Amino acid sequence: MKFPKCNLHTHTRYCDGQDTPEELVGAAIGLGMEALGFSGHSYLTDCDWCMTPENTVRYREEILQLKEKYRGKIAVLLGIEQDYYSDPAGDGYDFLIGSVHRIYADDGTPCQMDDGKEIVLRDIKEHFENDVFRWVRRYYETVAGLPEKTGCGIIGHFDLVQKYNQDKSLFDDTDLRYRKPMLDALDALLDRDMIFELNTGAIAQGYRKEPYPSAYALRWIAQKQGRILLSSDAHCAQNLLYGFSEAAEYAGSCGIGGLTVPDPDDPGTFRIIPLGSDGRYRFKRK
Ligand SMILES: [Zn+2]
Ligand SMILES: [Zn+2]
């Protein structure tokens, strides 16, 4: 299916990506992309995959330089993937993706959500009384607070608890103990008019066969006329538009009628294009 050639969720060598920002811009132009947004991981303590404070400064400078250098060829947008537990991002970003990568157990232990299934299983056992649904609930309670805590406009990989659950070995995702907290978070975020990523990153990594959020969540978003943005969570140039055609089809099968893209006249804002259109449009050549 046709899809807009635009991705806002891109990691570089400033955090855990493989390529430099300029290599990614070159690849994006080669792919005929109209907009490429960068979203380095915001700084967290005890984290080896996020940007250091020094790197964050350099990252911002470089992306802004690239924005000028490639103006007229591609719209380069400066964003950040702002973790719930990071200090405020500050001003000057075109967009903020709010994400939860870490939750805190009642005993105060930080528990990583996507550093491997073994770590998740160990944390549930040792810090959530071996109750996976307590762990699920804590995740969604945290996610629901993203807009207030981070000031984000986009919700990153909603449903991350499903990363290692393609085979349903972690939990049954028809269980109300999953669905209730998930839908509560969804409703809270829909009330705040958040844009949800349809994130193909875990497919590219080989963990999942479908994007986040799950079909059930996506149908709920469709019913409430929530907004969806295709997003590859790319950590290398080859994955900039990974699985977008299939993801667009998946969105359609869940009742989503349109995809959200940056507004060509004002890349910090968004508009919706009908599903099945490539949304080709031209950013203003200022
Ligand atoms: Zn993330
Ligand atoms: Zn990411």
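Biologist: Is E129 buried or exposed?

Modeller: The rule counts the other C-beta atoms, placed from the backbone, within 10 Å of a residue's own: 20 or more make it buried, 12 or fewer exposed, and values in between partly exposed. E129 has 11 such atoms, and is therefore exposed. This is a predicted model, in which local features need pLDDT of at least 70 and side-chain atom pairs count only at pLDDT 80 or more, while totals for chains, interfaces and linings use all residues. Residues are numbered from 1 along each chain as its sequence is written, and chains are lettered from A and ligands numbered from 1 in the order in which they are written.

Biologist: Where does E129 lie, and what is its phi?

Modeller: E129 is in the loop between α3 (117–127) and α4. Helices (H or I, at least four residues) and strands (E, at least two) are DSSP runs, numbered from the N terminus. The phi of E129 is positive, near 50°, although the residue is not a glycine. H157, likewise not a glycine, has a positive phi of about 30°. H157 belongs to the loop between β7 and α6 (176–191) and is buried, because 28 other C-beta atoms lie within 10 Å.

Biologist: Which residues does a cis peptide bond join?

Modeller: The bond joins Y212 and P213, with omega at about -10°. P213 sits in the loop between α7 (201–204) and α8 (215–223).

Biologist: How many helices and strands does the protein have?

Modeller: There are 9 helices and 11 strands. As for overall dimensions, the radius of gyration is taken over C-alpha atoms, and the globule rule is 2.2 Å times the number of residues to the power 0.38. For 286 residues the rule gives a value near 19 Å for a compact globule, and the protein's 18 Å agrees with it. Of these residues, 49% count as buried.

Biologist: In what order do the strands of the open sheet stand?

Modeller: In general, strands of a sheet pair through backbone hydrogen bonds, either parallel or antiparallel. Here two strands count as paired if DSSP finds at least two bridges between them. The open sheet has 7 strands, ordered β1-β2-β3-β4-β7-β8-β9, with parallel pairing. β1 (6–7) and β9 are at the edges; each has a single partner strand, so one side of each is without a neighbour in the sheet.

Biologist: How are β7, β8 and β9 joined?

Modeller: β7 (residues 154–155) and β8 (residues 195–199) pair in the parallel sense over 2 bridges, and I154 has I195 as its bridge partner in β8. β8 and β9 also run parallel, joined by 5 bridges, with F196 opposite I228 in β9. Although β9 is an edge strand, 4 of its 5 residues are buried, so this strand is largely enclosed by the rest of the structure.

Biologist: Which residues have the most contacts inside the largest nonpolar core?

Modeller: In soluble globular proteins, nonpolar side chains tend to be buried together. A nonpolar core is a set of buried Ala, Val, Leu, Ile, Met, Phe, Trp, Tyr and Cys residues joined through C-beta atoms within 7 Å. The largest core has 83 residues, and those with the most contacts inside it are Y139 and I154. Helix α4 (residues 132–144) supplies the largest share of this core, 7 residues. A contact requires C-beta atoms, placed from the backbone, within 7 Å. Leaving aside residues up to four places away in sequence, I154 touches several residues, including F95, M194 and L229.

Biologist: Which residues of helix α1 are buried?

Modeller: An α-helix has 3.6 residues a turn, so residues three or four places apart point the same way. In α1 (residues 21–30), P21, L24, V25 and A28 are buried. Their arc, that of the directions from the helix axis to the C-beta atoms, is within 100°, so they line one face of the helix. Their cover includes β2, α2 and β3. Just after α1, G32 has a positive phi of about 75°.

Biologist: Is N239 buried or exposed?

Modeller: N239 is buried, because 22 C-beta neighbours lie inside 10 Å. Its place is in the loop between β9 (227–231) and α9 (244–253). Beyond residues up to four places away in sequence, N239 touches A204, S232 and A234.

Conventions
Two residues are in contact if their C-beta atoms, placed from the backbone, lie within 7 Å.
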